[in-house]
Every structure is written in structure tokens, then in C-alpha cells.
Amino acid sequence: MPAPTPFVPALIVVDVQEDFCPPSGALAVPDGRAVIPVANALLALPFAFKVATQDAHPPAHVSFASAHPGAAPFTSSTTIANPRNPRETYETRLWPDHCVDGTPGQALAAGLEVARVEHVVRKGRDPRVEMYSAFRPPLRDPPLPEADSGLAEVLRARGVTDVFVVGLAGDYCVRYTAEDAAGEGWRTYVVQEGVRSVGGNEAWKGVVRELGEKGVKVVSLDGEELGWVRGLVK
Ligand code: VGL
Ligand code: ZN
């Protein structure tokens, strides 16, 4: 008999932090707090490995408008260059100061069942580069090993085959985390009820298309991709 296909599902809860939640968060995602019960329902399921990520910026991080004279949050952007290769650059949107390490806004959101989380990734710690993905910065030429989170290694060591992603924000950190997971070769799913976006539903619709092009499937809590837990949910 052929060996059964392994199925080792991991859950990644992305950036469910006070600063991304209304009404008090510095970069509150519309309706962001609504992802907490969904994340908790998933955290209660028998995923083989449960990960949470946290944006954890130093003060004056390159993604803060306050670090760029004359820039305004949300509307301005800046050019970021690879610290090892000035010819590799990309444009990135600027934000209000958020998730500054050691501040209350950086904490995982109240009510998230943190006790079920087995591994925490702290990202965006390098003041020079933006890092939406839980895996690595978008600079690849050359890659910056010191800014890599090590998450891919950790998931490989656990024998993970499938990655399920929820959290904030759908159009930024959820998106790039899921794209990198798919790029690393895992079957990757975003559970849509567990996501809210900076740009609201309109932005999310566009992201769903782009995720599809990158091999990420956007699924529903009652969809067949979560069928292995059917009967375990509620
Ligand atoms: C995020 C903007 C800036 C996110 C992080 O978690 O999606 N968005 N930093
Ligand atoms: Zn950030």
C-alpha cells in the first residue's frame, strides 16, 4: 500500500494587536476586532502547530510617516533600498507610528487566546526595512538573513504541509505572509472570516484575486478545506 499523504496543518494568526484594532489602535483596521473570535475558534482546533505574529517596530521605523520630514501617514510613500544593494528599491506606503516595541499598542489584542499559541514571530524589527510578511522582508537581491524571521525553518522542522492564515491586515501582512508561505511550497489558505483589511472589503476583493494568482486559496470556515475539523467546530 502507498504511504498515506501527510497532512500537518499549521495556523498563523497575523498581527492581531491592539494598534490594529478599533477604537483605540494607532493604525486601526476597520472592524479589526472582529477577527478575534474567529482566531480563537481556530486556535481551539487541533492544528499541529499554532503561530502568532507581532509587528514589533523600533521608534523611527522607516515605515512611519513621522520618520520622514513632510510626509503624512496613509497618503505618503517612501522608497526603501536594500541596505546591501542601493539599486534594489521599492515604494512603500507610510503609516502612523504603530506597534512600537514595549508600548501597549504592540501587545496582542485583549481576548486573543494567547495561551494556545506555541510560537511567536516578532517582525519589522529592522529600522531600515518594511516587513509585512512573517517570513522575510521583500528585498531579495541579496536577501537580508538578519531580517529573516526563521519561521520557514521552524515550519519545516515541524513537518508542516498546509498553512492556514488569519489576522490583520488582509491587504498587508496577511497577504504577504500567505504569498511567502505559498512560495515556500506549502499549500496555503486564508480563512476569510478571520481577516479584515486597511482598505475595507473593496481592497480585500482585489487581494483575493492576487492571492489566487500566487497560489493561495481564500477559503471559508465552512468550506471543504477545513472539513478535517468538521464536527470539532462549535
Ligand atoms: C501592517 C501596515 C503596517 C499589517 C503592519 O500588520 O498588516 N500594516 N504594518
Ligand atoms: Zn508595521
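What follows is a conversation about the terms used for this structure.

Guide: This is a predicted model, where local features need pLDDT of at least 70, side-chain atom pairs count only at pLDDT 80 or more, and totals for chains, interfaces and linings use all residues. Residues are numbered from 1 along each chain as its sequence is written, chains are lettered from A and ligands numbered from 1 in the order in which they are written, and side-chain values use heavy atoms, with hydrogens and water left out.

Visitor: What makes up the protein, in helices and strands?
Guide: There are 4 helices and 8 strands. Helices (H or I, at least four residues) and strands (E, at least two) are DSSP runs, numbered from the N terminus. Along the sequence the pattern reads β-α-β-β-β-β-α-β-α-β-α-β.

Visitor: Why does the radius of gyration agree with a compact globule?
Guide: The radius is taken over C-alpha atoms, and the globule rule is 2.2 Å times the number of residues to the power 0.38. For 234 residues, the rule gives a value near 17 Å; the protein has 17 Å, so the two agree. Along the principal axes, the C-alpha atoms fill a box of roughly 65 × 40 × 30 Å.

Visitor: Which atoms are the protein donors of the zinc ion (ligand 2)?
Guide: They are Asp-55 (OD), His-57 (NE2) and His-98 (NE2), at 2.0 to 2.1 Å from the zinc ion. A donor is an N, O or S atom within 2.8 Å of the metal (3.2 Å for Na, K and Ca); water is not among the atoms, so sites may look incomplete. Along the chain, the donors follow the spacing D-x1-H-x40-H.

Visitor: Why is the arrangement around the zinc ion (ligand 2) called irregular?
Guide: Four donors count as tetrahedral if all angles lie between 85 and 135 degrees; four count as square planar and six as octahedral if opposite donors are over 155 degrees apart and all others between 65 and 115; anything else is irregular. Here the 4 donor atoms subtend angles of 87 to 169°, which makes the arrangement irregular.

Visitor: Are Asp-55 and His-57 buried or exposed?
Guide: Both are buried. Buried means under 20% relative accessible area, exposed over 50%, and partly exposed in between (1.4 Å probe, protein chains only). Buried residues make up 53% of the 234 residues.

Visitor: How many disulfides are there?
Guide: The count comes to 0. Cys-21 is in no disulfide, as the nearest cysteine sulfur, that of Cys-99, is 9.5 Å away. A disulfide needs a pair of cysteine sulfur atoms within 2.5 Å. Cys-21 is also buried, at 0% relative accessible area.

Visitor: Why does Asp-15 count as buried?
Guide: Its relative accessibility is 0%, so Asp-15 counts as buried. Asp-15 lies in the loop between strand S1 (9-14) and helix H1 (35-43). Its side chain makes a polar contact with that of Thr-53, at 2.7 Å. A polar contact is a pair of N or O atoms within 3.5 Å; within protein, one must be able to donate a hydrogen and the other to accept it, and residues adjacent in sequence count only if both atoms are side-chain atoms.

Visitor: Why is Asp-148 called partly exposed?
Guide: Its relative accessible area is 36%, so Asp-148 is partly exposed. This residue sits in the loop between strand S5 (119-123) and helix H2 (151-157). A polar atom of the Asp-148 side chain lies 2.8 Å from the backbone nitrogen of Gly-150.

Visitor: Where is Val-195 found?
Guide: Val-195 is in strand S7. Its relative accessibility is 6%, so Val-195 counts as buried. Contact means heavy atoms within 4.5 Å. Leaving aside neighbours within four places in sequence, Val-195 is in contact with residues including Val-35, Gly-170 and Trp-204. The C-alpha atoms of Val-195 and Gly-170 are separated by 5.5 Å, though 25 residues apart along the chain.
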